[in-house]
Amino acid sequence: MVLDKRVVSSKEQDMEDEIPKKTKRGGIRTMPFILGSEICDRFAAVGFHANMITYLTQQLNMPLVRASNTLTNFAGTSSFTPLIGALIADSFAGQFWTIAVGSLFYELGFIAITISAIIPKLHPRPCPTRVNCQEASSLQLSVLYLALLLTSIGTGGIRPCVVTFAANQLDMSKTGVASRKWNYFNWFYFSMGLATLTALTVIVYIQDNIGWGWGLGIPTIAMAISIIAFVGGYPLYYKPKPGGSPLVRMSQVVAAAWKKRKAPKPTDPSLLYQNKEIDANISVDGRLLHTEQFKWLDKAAIAVDGDAKESKPQSLWKLSTVHRVEELKCIIRVLPIWSAGILLVTATSHQSSFVLQQARTMDRHLSLSFQIPPASLSIFTIVTMLIGLVLYERVIVPFARKFTKNPSGLTCLQRMGIGYMINIFATLFASMIELKRKTVATQHNLLDKPNATIPISVFWLLPQYCIHGLAEAFVNVGHMEFLYDQAPESMRSTAAALFCLTTSLGNYLGTMVVSLVHAYTGKQGNWLPDRNLNRGHLEYYYLLATGIQVVNLVYYVVCASFYMYKPLEQEKDISKDDWENCTDC
């Protein structure tokens, strides 16, 4: 029998009309510590990864496809470990300590790869001719894999927590966001873009022209500075208490719903079980309100006779609150939108590696004595992204606001959709430019000379870099903001990990696609040859990537059209005294 609301304790009744107050945040004063740390971290990470395909092929003498797959698998692993780190942070460790420990592992990985670049015995002899080169030994590869493993573990602690830890220092409620003239996620990615731009111009140049000892040593030093900067702000941070394992809570909801699958559901949703004391640690910003989607899960919140025992606490495996049920519903609603990012990464995961090999065969001179390092071409993606973020904030948002009446201009879903569409043109242009490059190589009889410079400017590659950068300004920021906003507050690190997991699954699928293409396009006329890109058909691979993105865009539009935003209980207005003491208002 479904119980009437009278079974709710008197203490619960007294609390029923209370509305949560705004939580005191660390405020804007914490941003220099967090963003300063993350800028150094991103500078170090980009300096480490951006030119790694060159380190593997030129220093360790690995074949192109094997090197590309190694890096893609490493990127996939580095994007999977954040899920573990997020669960640790949300369950018991908290975001601060997860970031701190992860940073230490990251630093150890940097030290290992730097030592391998400095000590001659840890890398094979140079092979400038690129013919019959001695590949790295098992020992040398072991040091490489150890370094990549340590950085992957470190990434698991840093990536899912930093962006949400910084956002938690600010008032991210609707009123708080509307009161600011700037978007936190835009400026977070803008800061990261500046760090990336600096690394691509400075570190990559040092690696290509001075040496890998300094080229990897400087990022190692930057990472050490990052750790010091982050820990230095400890007294100022708002550090929310972990709410317990999200996986356990979701499992409890499913278990309770299954046990009560035959129980009649009350016609009035207000009769479903609620308990503010139980949900206090996981609803600091307000409780989730009941929704009509996935009604089967509501059975977990049906209180029956056996549950009305005030003398002992309720077992959450038998009876869940509405808030906990809605947490699971939020995650279920988010998953289809989130999954659309997987095929986007699949289509573009190997593009950077292959474009670097294209660039090495092209004329990279800016003057008679200066050549652009291939990896530095990524600066055009970053510059375009930075310009796109500024234009989005200062031009697109005010213009769109006039028509949508939305303080943010466009919704996160609209922003992501535009980005998905733009990115299709990046791989389409890439295919056209590869045809142009090979045509010039044919005209000058250079198809069988993989180390020769083809007389075509490397700046022909700029359109695809710039289009991809513009797409990032829409997709990446919109995706991250969407996950943060729509995930339950106690699962925001997990939501950020989902963002990273998109990259992980996309990279693994990308590796599978590249491996299949390489294996089944034959030895003669292979689309992706190991040594001589001029005799391949990279343009076909780019067209395949374009087709994948078109299918993905259709899937995304369908999912977005059915999405329902989460309803959240409104917060109480901040008091005058709180306002005067607020560092973020």
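In this predicted model, helix α2 (residues 31-49) packs with helix α9 (residues 212-232) at an angle of about 160°, and their axes are 8 Å apart. Because angles over 145 degrees count as roughly antiparallel, α2 is described as roughly antiparallel to α9. The crossing in which α2 passes α9 is left-handed. On the α2 side, the residues in contact include Phe-33, Cys-40, Phe-43 and Phe-48, while those they meet in α9 include Leu-216, Ile-218, Met-223 and Phe-230. Sorted by class, the contact of α2 with α9 holds 13 nonpolar, 4 polar and 1 charged residues.

Phe-230 also belongs to an aromatic cluster, which it forms with Phe-96, Trp-97, Phe-165, Tyr-234 and Tyr-237.

The count of aromatic pairs comes to 25. One of them joins Phe-380 and Phe-459 edge-to-face, with 6.3 Å from centre to centre and 80° between the planes. Since Phe-380 lies in helix α13 (residues 379-404) and Phe-459 in the loop between β2 (454-457) and α15 (462-486), this pair ties together parts that are 79 residues apart in sequence. Phe-380 is partly exposed, at a relative accessible area of 21%, and Phe-459 is partly exposed at 30%. Tyr-563 and Tyr-565 form an edge-to-face pair as well, with 5.3 Å between the centres and 90° between the planes; here Tyr-563 is buried at 12%, whereas Tyr-565 counts as partly exposed at 35%.

Finally, consider Ser-91, which lies in helix α4 (residues 64-93). Ser-91 counts as buried because its relative accessibility is 16%, and buried means under 20%. Leaving aside residues up to four places away in sequence, Ser-91 touches Pro-242, Gly-244, Ser-245 and Pro-246.

Conventions: Residues numbered from 1 in each chain as written. Predicted model: local features only at pLDDT ≥ 70, side-chain atom pairs only at ≥ 80, totals over all residues. Heavy atoms only, no water. Helix = DSSP H or I, 4+ residues; strand = E, 2+ residues; numbered from the N terminus. Buried < 20%, exposed > 50% of the residue type's maximum accessible area, 1.4 Å probe, protein only. Contact = heavy atoms within 4.5 Å. Axes fitted to C-alpha atoms, helices over the stretch in contact; angles between N-to-C directions. Parallel < 35°, antiparallel > 145°, perpendicular 65-115°, else oblique. Left-handed = near helix turned anticlockwise from the far one by under 90°. Nonpolar A, V, L, I, M, F, W, Y, C, P; charged D, E, K, R; others polar. Phe/Tyr/Trp six-rings, centres within 6.5 Å; stacked < 30°, edge-to-face > 60°.
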